[in-house]
Amino acid sequence: MQCFIMRNKNSTFYLYLGFTSSPVYKGKFLMAARRLRRGPHTEYIISLDAEDLSQGSNSYMGKLRSDFWGTNFKIYDSKPPYDGAKASSSRSSRRFGSRRISPQVSSAQETWENSLKTKFRRPLGPTTLRNKAPRWHEQLQCWCLNFHGRVTVASVKNFQLVTAAGPSDPTSNVDEETVLLQFGKVDDDIFTMDYRQPLSAFQAFAISLSSFGNKLACE
């Protein structure tokens with residue numbers, strides 16, 4: 001699924017489904033997020049409504065919350081705890097691999113996502129992702145990641161995530177070179193975000209938003 005994120009200067013972010021990052025063609029709107037500072041934490045309120053970005057809205061999807069240092073993030077959805085959920089320090093938290101965290105998006109979006117399930121079907125359960133390691137480019141004399149033309153501006157925000165399944169993991173048959181989520185800069189305030197199963201649009205958007213957070217330097 002090829003998407004892009006447009007960032008506004010007023011700390012709002014808009015996710016669109018589309019195959020181009022052109023500002024002229026905005027693609028299909030999926031969801032939006034607003035960044036708030038609450039005490040020592042930064043939160044991103046995620047909504048299906050581009051105008052109403054409040055937690056009290058019927059379009060409220062969930063939120064992303066950082067720790068004080070801006071280096072650890074938790075994703076919360078808008079649903080109450082479900083039967084069989086494991087105890088957590090926060091009653092709204094979810095296991096990353098749980099399908100209960102998937103958003104209720106448009107039927108068209110669900111159709112596109114369902115079309116990928118056959119090809120990328122995998123057992124349900126927690127999924128661990130890691131940053132894909134860059135490779136040395138002899139010509140450029142630097143470490144590079146191949147975004148296949150989807151990222152055009154060098155930035156510390158750019159990343160690719162692949163599965164980190166181990167030999168004892170039941171999902172270890174998944175190709176560890178297959179990128180499940182990639183995010184990167186194409187203009188001052190435009191970023192591409194491409195994802196595939198088992199990630200949902202909500203999960204991919206929340207993970208990508210963590211790149212916009214301010215990180216405090218620490219030793």
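This briefing covers the aromatic pairs of the structure and the surroundings of Gly62. The model is predicted, so local features need pLDDT of at least 70 and side-chain atom pairs count only at pLDDT 80 or more, whereas totals for chains, interfaces and linings use all residues. Residues are numbered from 1 along each chain as its sequence is written, and side-chain values use heavy atoms, with hydrogens and water left out.

**Aromatic pairs**

- A search of the whole structure finds nine aromatic pairs, a pair being rings of Phe, Tyr or Trp (its six-membered ring) with centres within 6.5 Å, called stacked if the planes are under 30 degrees apart, edge-to-face if over 60 and tilted for the rest.
- Phe4 and Tyr16 are stacked, because their ring centres lie 5.5 Å apart with the planes at 25°.
- Phe4 belongs to strand S1 (residues 2-7) and Tyr16 to strand S2 (residues 12-17), so this pair ties together parts twelve residues apart in sequence; strands are DSSP runs of E, at least two residues, numbered from the N terminus.
- Both Phe4 and Tyr16 are buried, where buried means under 20% relative accessible area, exposed over 50% and partly exposed in between (1.4 Å probe, protein chains only).
- Trp136 and Trp143 form an edge-to-face pair, 5.4 Å centre to centre with 70° between the planes; Trp136 is partly exposed at 38% relative accessible area, and Trp143 is exposed at 59%.

**Gly62**

- Gly62, in strand S5 (residues 60-66), is buried with a relative accessible area of 0%.
- Leaving aside residues up to four places away in sequence, Gly62 touches residues including Tyr44, Tyr76 and Phe202, contact meaning heavy atoms within 4.5 Å.

Methods
Helix = DSSP H or I, 4+ residues; strand = E, 2+ residues; numbered from the N terminus.
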